[in-house]
Every structure is written in structure tokens, then in C-alpha cells.
Amino acid sequence: MRRMLRRGPGWVAGLDRTLMRAVSAFPGGHHDTFFRRLSAAANNGKLWFGVAAVAAAIPGRTRRAAVHGLLAQGVASAVTNLVFKTVLPRRRPLPEHLPVFRFVNPQPTSSSMPSGHSASAIAFALGAGFVQPVLGAAVAPVAAGVAYSRVHTGAHWPSDVLFGSAIGAASAFVTRKWWPVRPPFPPTTRCEVEAAAVPRGEGLSIAVNTLGGSFTEETSAALLEVFPQAHITTIAPDQNVAALMEAAATRPGTRALGVWGGDGTVGTSAAAAVAHDLPLLVLAGGTLNHFARDAGTPTLTEAVSAAAKGEAALADVGAVAVERGLADDPENVELIMLNTASIGLYPNLVRRREHLQPALGKPLAGVVAMFRTFALEKPTTLTVDGVRHKLWIMYLGRGRYYPRDHAPLVRPVLDDGVLDVRMITADESFARLRLLWSVLTGTVATSKITHLAEATRVRIESDSGPLVLAVDGEAMPGVRAAEFTLKRGALRYYSPHSDG
């Protein structure tokens, strides 16, 4: 048995020697130097770390692909060197099998079976390719060259390379299971309707929040240039946003309400628009502008065009009934939720991520922010629809967000009639360690600590004292209970029509 493991089964050994003789018959030339240098470049994964570093400079899917490729390569390398090279000892090719000038020097002393270089190369190429096919296609010839170089330089038998490549492919598929490739987002669809056309701003009342992320002294003047007949209300930092938004909506002659500001301001304006049955024109003026992006008006150009033509669509809104204050004398508050609500550590996580994002990029900043937040803080105890949970995060979205994991980004449909409920729980044993491990391995979305659901009604009750509820980015302290429901198609918002 040991002899078979050292030399390989008879037919495999015979095939290896036949293939090796074919390689040794190739004439010498510059290709020998090329394959020797390519093989050396892949020592200890240096080549793949270099490729990943270059790919990581490109934000988005390419950066994610680089991380996924390294994860797959790390698994392949560990399995090859710590497991199979131990249980499958085999002698490497001898100088008699290849021309001496082609032989790798010094030859490795570990077991020849399987090829670690091949395993790492194939794992990185496939792992990256699952996430970003263009990167995978670009790397594939290099990975194949590394695998072949191990035979060309006499470091491995062909069967070693084949087995190592199979390990690399399996590692890429396993890590894909850990870190699934995000499915494509569904197409954007809107329930298109007509609204009052307000060319040049006639009948349009715009509220401008000076706390908006991109506000400058020229903002109001710039809006008057494109809406010269609009009435503009400027909201100073010390003024009541809701009161001035109400005044703008009820101003005589107002046929449409406009808003310039962040997501919190847009949420307040949506409540006024729904209350007075006015179409809402969202002018992106905040830091994130979630609703403006989802509504199809991420820039002033789209917003002006839709308002001038009276092109609009319908959106559902969330209705939030909040109980706050003293338990024996609670204060009841009714809120409109346009985008999201969150409870637990999510607000702190977002703050940390946004602080780190300029230096680290969003994916890496998110990982670091999660580690810092969950390492330092404690879970919240809540009863959700009658079931008690210890929660790190509870997130509710008005509408189905994508991707369908722990990090929602976009909302292609604004009138789908659902509340998107996402919870990361601390109910399980070793909750903090499980959470940190899932963050480290990129498996939060598939972990048992993550719970995804959809509903039309959700009720939460605090079991550990008053808590902070954030609705559309605005924090409300002292909350004891809250109930979330839906108002279907309650908001008309200006949005360019698909045939416009």
C-alpha cells in the first residue's frame, strides 16, 4: 500500500512517465525561462496576492471577487499542504525524467502528491470568477500556466497537477457555498400614474433643509433657476422640519410638494404629501438619497423632466404606531416610514462604516465596523410578534430590498406590498463568537443567526427598557413598543416614465 502511495497506481505512474517524456522532448528555448519564473512567482501564493491587490483597487464586484479568490485559495492551500501531502507521500520526478536545464532548482522536498501550486491557482481563478467572470477569465490562462509549469519544470508529475487542480476547484465551490454569489437584482418596475405638471415650478412648493448633506449657500438660487415660479421654504438647523413642511404643503395654490434634503427630511415630506394628497418631487440633496435613487430621480435633471411632464408613480408607505415614555402613561406617536427602520446596533454600525468608508472602501469598512460594533456592545432583548429574541440588529424595510442578505442596498419595486424584515439574533450559544466568525468568513447571510422574512404587519415590544428606534435615519429614544403596517399606493412621487 505504501509503495502504491509513493509511486501511484501502475497505470497512473505509467501515464505520468509517458506525459513527462513528451514534455522533455520539447526543444529548449525562452519558454523554459518563462515557465520557471512563472512557477517561482506563484510560490507561497505571492502571485495571487498580487493579483488580488490590483483587483481590490477597483470597488464593487471586482474587489469582492478578489477577496473571494483569496478565500478559496487559502482553503485549497490548507487542504493540500496539511492533509493530502501528509496522507499521500510520493516522490517527485528525478532529473532523469527531464533535461537538467529545465529542472526546478532547488526541488521541493515535500510530497509530490498533490500540487499545491495548481490547487491555489485553480482555486483563485474559479473563486474570483464566480463573483466577477471578467476577472476569472483574465486570470484563467495564468492559472493554467502555473499548473502546467509544475510539470514543465519537473516539480510534479502530471497526475499531481490534475489532483491539485481538482482540490482547487472543490475549494472554490465550497467557499461559494459559504459566501454565495449574489443573484442578479430584479428589473426596476414602477406603477406609473399621472400627476400635476409643474413646468418651471408653477404650483410647486419646495422645502429645503439646510442640514442636507450637499447644501451650500447657492442651493436655493440654483433651484430657482430651474423652477423660477416655485415657492421655496428654507429650513434652518434650529427650526421644526415637520412644521415647516406642513406649512409648505398647505400654502395656497400648491399642487405639488418638493423636498431637498436627506432621507429623514424626505420621510417627513412624504408624510405631508400623503396627508394632503400631493405628488412629491424628491430632489437629491442628502448624503445617501436612497429614495431619490429608487424613484429614478438621482439627479436634478431627471427630477425637473418628470415634474415638467407630470410623470409620476405610486409607492407604498409604512405606518408606524409608536408607544413611548412612561409605562403607565405612554405617549402614542404616528409616523410614516418611507425607507427603513432599525433597532439595536445597526445605527452605530452604519456610523462606524461611514466613518471608515473613505479610507477602506465600503465592503472592508463594513467588515471592520461590524467587528468593532459587535465586539464592544451588547444585544437588545425584544419581543417580535409574540416571540422573544436577543437581537444584535433588527431592520425593517418598506419594500423588498436587494441583495437578499444582511446588507440591503437597492429597492427595484416601491409598491410590492411587503415589509422586509431582517434580524441578526444573539439567541444561540456563543452568540458573539458565532457572529464574529460569520463576519470573518463572509457567511453572515447564510448563518443561522440571520433571519429574513416578509410581512404586512410587525409588532415589537422592548423587554429591556426603553430603546432607540431609527425611522428613515431619524432616531427616536424612549420607545417601548411599535407596530408597523402598510398603506398601499399611498404616495404619488414624480418619476420619469419608461417611455418618456
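**Figure 1. Asp 277 lies in the loop between α11 (263-275) and β5 (280-284).** Although Asp 277 is not a glycine, its phi is positive, at about 55°. Helices (H or I, at least four residues) and strands (E, at least two) are DSSP runs, numbered from the N terminus. The model is predicted, so local features need pLDDT of at least 70 and side-chain atom pairs count only at pLDDT 80 or more, while totals for chains, interfaces and linings use all residues. Residues are numbered from 1 along each chain as its sequence is written, and side-chain values use heavy atoms, with hydrogens and water left out.

**Figure 2. A cis peptide bond joins Met 113 and Pro 114.** The omega of this bond is about -10°. Pro 114 is placed in the loop between α5 and α6.

**Figure 3. Helices α6 and α7 (residues 133-152) pack at an angle of about 170°.** Their axes are 8 Å apart; axes are lines fitted to C-alpha atoms, for helices over the stretch in contact, and angles run from 0 to 180 degrees between N-to-C directions. The angle therefore makes α6 roughly antiparallel to α7, a term for angles over 145 degrees, whereas angles under 35 degrees count as roughly parallel. On the α6 side, the residues in contact include His 117, Ala 121, Phe 124 and Ala 128; among those they meet in α7 are Leu 135, Val 139, Ala 143 and Arg 150. Contact means heavy atoms within 4.5 Å. By class, the residues of this contact comprise 13 nonpolar, four polar and one charged. Here Ala, Val, Leu, Ile, Met, Phe, Trp, Tyr, Cys and Pro count as nonpolar, Asp, Glu, Lys and Arg as charged, and the others, Gly among them, as polar.

**Figure 4. The axes of α4 (residues 46-56) and α6 come within 10 Å and cross at roughly 15°.** These two helices are therefore roughly parallel to each other. The crossing of α4 past α6 is left-handed, meaning that the near helix is turned anticlockwise from the far one by less than a right angle; clockwise gives a right-handed crossing. Trp 48, Val 51 and Ala 52 of α4 make the contact with Ser 120, Ala 121 and Phe 124 of α6. Five of the contact residues are nonpolar, one is polar and none is charged.

**Figure 5. Helices α4 and α7 pack with their axes 12 Å apart, at an angle of about 165°.** This makes α4 roughly antiparallel to α7. The crossing of α4 past α7 is right-handed. From α4, Leu 47, Trp 48, Val 51 and Ala 55 take part in the contact, and from α7, Leu 135, Val 139, Val 142, Ala 143 and Val 146. The contact has nine nonpolar residues, no polar and no charged.

**Figure 6. The second largest pocket holds about 390 Å³ of space.** Among its 22 lining residues, Ala 42, Asn 43, Asn 44, His 117 and Arg 150 are the closest to its centre. A pocket is an open set of points on a 1 Å grid over the protein atoms alone, where a 1.4 Å probe fits, with protein on both sides within 12 Å along at least five of seven lines; lining residues have an atom within 4 Å of a point. Grid points are joined across faces, edges and corners, and the volume is the space filled by probe spheres set on the points. Helices α3 (30-41), α5 (61-87) and α6 (116-131) each supply at least two lining residues, and α5 gives the most, with four. The lining has six nonpolar, twelve polar and four charged residues.

Methods:
Parallel < 35°, antiparallel > 145°, perpendicular 65-115°, else oblique.
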